Amino acid sequence: MYVAQMETNMQAIQATGVNKPASQIMLLEDTNNDGKMDKSAVFIDKLVSPRMLLCLGNELLVNEINSPNIYAYKDTDGNGKSDQKRTVFRRKKKSYSNKGLLGNGLDWNLDNWIYVTNAPVRFRYDGMKMQIDSLLYGNNGQWGITHDNYGRLFYSKATAGLPACGFQINPVYGQLDLTDKYQHSTFAAVWSVIKLPDVDSRPGNTGTMHTITRFTAPCGQSIFRGDRLPESMRGDYLVAEPAGNLIRRAKVTLNEGKVTLRNVYAHDEFITSTDMNFRPVNTYTGPDGCLYIVDMNQGFNRDARQGQPFLNTPIRSKNYKTGRIYRLVHDELKPGPRPRMLNEPTETLVTYLDHPNGWWRDNAQKEMVVRGDRWITPFLKQIVSGEKGPMSHEPSAVARVHALWTLEGLEDVDMIDLQMALEDKDAQVRKAAVLISEPYLKEDNTQVIVWLEPLVNDRSYEVRAQLFLSLSYSKSEEAKNLLKEILCRNPGNELLGGIQNTLTRNEKGKAYRSNLLAFNKQ
């Protein structure tokens, strides 16, 4: 486990020394598989508040605060300390702002794009460098990003008090947040158990019981995708609220293609604490199938730019401590084994694409793409077709989706694979195939448009919505006619109507930028 330790984060109210290169990344290990880390090493030191981490093979990608640069670190002699550093992304321009408004993330999504927040970009790793792709309207995120089994991204916004946002469509298509994305209007209300108000909340955000009443700092969200907690938790959305000393758990439901969230507990939360220093800031599904929680364990969690005079007195009474990491386990479910993917052959990684724990599926796909072993593609094509291939059973739909995207990451999806996936019995496989067809649509490929035509009447609203988004890349009359037909066949559908408005706004935005660029050149 790699852990970023921001050693200079708000050690004083005046935020002195926050930009000193005194932070580090620790490498922690559980050597006896008892669930507790018993070995540690300083993997990287002398960093300025590292805020993005991503493991790629034997390298760790790291980004530091105020800088867009991303470096890959590697331990070549096995002593637990990095001794090799190389640049994978560099930009000259730096950014200085409230730390909650700076980029974070590096989430390798199902579509093999790496997503971040607070920046209108995403990245693609080509084996050596990070290639950047711009997003017209950026994304909806602030601190934290996650995805579900099928690549749907979830963001949150602390400034606006939004515990979840940006999950209706991928940000590459623009921004779409429907007004009723929460099943109940009270979803933004929180139910803290701490009697005294959080010292980081503004006046007006507390109730008669002197507890925080609404989200003010939602962050660190995740979709639980493990296999060692109750089945009822699978696919649930978790989001931390450090200002309220709690963690929300919500059900994610789908109705006619539209996603909505609902608090699992009435007037209560999944985890609450009376410890004033309990500041959950991140949640993760672990390789053992359990839930991991990162707790900042600090009395003050504001940036110096947000400091309020009324906070000074209560903050002085708080003790600053080192962070904590919790693992949530279940009494009747034994945590799974530790992974050793980096030492396993690629043909073994293929079998993990059907693992019940999403952590294994994601990392098996990522590792195969990073290795670039294209000789494995015949096995992946077998899985896409529904054959066992290297597996001991018929592959599930989620395995077929992962196999299809692994082929895409290896740049080895052919027309036969695409046609087969477009006709798959599972909606999520068909949806993935529509996404993967976009390069052909941008070239106005007539054959692919013919294959997509039957999906206008697809029984899945998700497939129809993705079809509408993907067809918008084509300038052909056939594609334009299909777009009109989708709208005619789904009158009043809120999601499709929202998508149409988003795409229209995108075109206006592109025209405005084009005109502005032409004017500046005059």
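Here is a short chat about reading aromatic rings and their neighbours in this predicted model.

User: How many aromatic pairs are there here?

Analyst: The count comes to ten aromatic pairs. Take Tyr 352 and Trp 360 as a case: their centres are 5.0 Å apart, with 75° between the planes. Planes over 60 degrees apart count as edge-to-face, and so this pair is edge-to-face.

User: And what kind of pair do Trp 359 and Trp 360 form?

Analyst: Try the angle again. Their planes sit at 70° and the ring centres are 6.0 Å apart, so this pair is edge-to-face too.

User: Which of these residues are buried or exposed, starting with Tyr 352?

Analyst: The idea is to look at relative accessible area, where under 20% means buried. Tyr 352 has 14%, so it counts as buried. Trp 360, at 6%, is buried as well. Trp 359 has 24%, and that makes it partly exposed.

User: Which residues form an aromatic cluster?

Analyst: One cluster is made up of Phe 154, Phe 167 and Tyr 237.

User: What sits over the ring of Phe 187?

Analyst: Here you look for a charge over a ring, within 6 Å of the ring centre. For Phe 187, it's the charged end of Arg 248, placed 4.9 Å from the ring's centre.

User: Where does Lys 442 lie?

Analyst: Look at Tyr 473: Lys 442 lies over the face of that ring, 4.6 Å from the ring centre.

Technical notes. Residues numbered from 1 in each chain as written. Predicted model: local features only at pLDDT ≥ 70, side-chain atom pairs only at ≥ 80, totals over all residues. Heavy atoms only, no water. Phe/Tyr/Trp six-rings, centres within 6.5 Å; stacked < 30°, edge-to-face > 60°. Buried < 20%, exposed > 50% of the residue type's maximum accessible area, 1.4 Å probe, protein only. Lys NZ or Arg CZ within 6 Å of the ring centre and 35° of its normal.
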